[in-house]
Amino acid sequence: QVQLVESGGGLVQPGGSLRLSCAASGFTLDYYAIGWFRQAPGKEREGVSCISSSGGNTDVADSVKGRFTISRDNAKNTVYLQMNSLKPEDTAVYYCAARGPPYDSSCPKMGFGMDYWGKGTLVTVSS
């Protein structure tokens with residue numbers, strides 16, 4: 001079964017850190033660009049960060065720049081989102097999505113043309 005599964009969400013205090021994982025099963029992530037997106041209650045989906053299949057192209061939203069870092073470990077078929085200095089406004093459901101060839105060399109910032117989506121993991125930043 002082809003799927004993406006996010007994990008690592010939870011409740012964290014402001015200023016804390018979490019590392020989200022996006023694990024693929026049923027296919028290899030080597031040839032896929034990955035995007036992380038989030039959606040807070042009552043708000044539209046927002047692109048958070050993305051990475052090309054090679055890892056050579058990455059991007060991060062201005063709202064999380066300097067705090068979030070995306071990385072990938074193709075050997076583990078997993079992409080990570082390290083989130084530091086978390087703020088209450090980071091509270092959202094976080095989704096990962098994959099986009100394969102021929103568009104895997106670019107960073108899927110807007111989430112267009114994605115082949116697979118995960119079901120999301122909830123991140124709550126609150127004291």
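A residue is called buried when its relative accessible area is under 20%, exposed when over 50%, and partly exposed in between (1.4 Å probe, protein chains only). The structure is a predicted model, in which local features need pLDDT of at least 70 and side-chain atom pairs count only at pLDDT 80 or more, while totals for chains, interfaces and linings use all residues. Residues are numbered from 1 along each chain as its sequence is written, and side-chain values use heavy atoms, with hydrogens and water left out.

Disulfides, defined as pairs of cysteine sulfur atoms within 2.5 Å, number 2 in this model. One of them joins Cys22 and Cys96, with 2.1 Å between the sulfur atoms. Because Cys22 lies in strand β3 (residues 18-25) and Cys96 in strand β9, this pair ties together parts 74 residues apart in sequence. Strands here are DSSP runs (E, at least two residues), as helices are (H or I, at least four), numbered from the N terminus. Cys22 is buried at 0% relative accessibility, and Cys96 is buried with a relative accessible area of 0%. The link is right-handed, with 75° about the S-S bond.

Cys50 is joined to Cys107 by a disulfide with an S to S distance of 1.9 Å. Cys50 belongs to strand β5 and Cys107 to the loop between β9 and β10 (116-117), so the bond connects parts 57 residues apart in sequence. Cys50 is buried at 1%, and Cys107 counts as buried at 18%. Counting bonded cysteines along the chain, the disulfide pattern is 1-3, 2-4.

Side chains of opposite charge can pair when their charged atoms come close. A salt bridge requires a side-chain nitrogen of Lys or Arg within 4 Å of a carboxyl oxygen of Asp or Glu; the count is 5. Arg38, Glu46, Arg67 and Asp90 form a network of such bridges. Asp90 and Arg38 are both buried, whereas Glu46 is partly exposed at 29%. A further salt bridge links Asp62 and Lys65 at 3.1 Å; Asp62 is exposed at 66% and Lys65 partly exposed at 49%.
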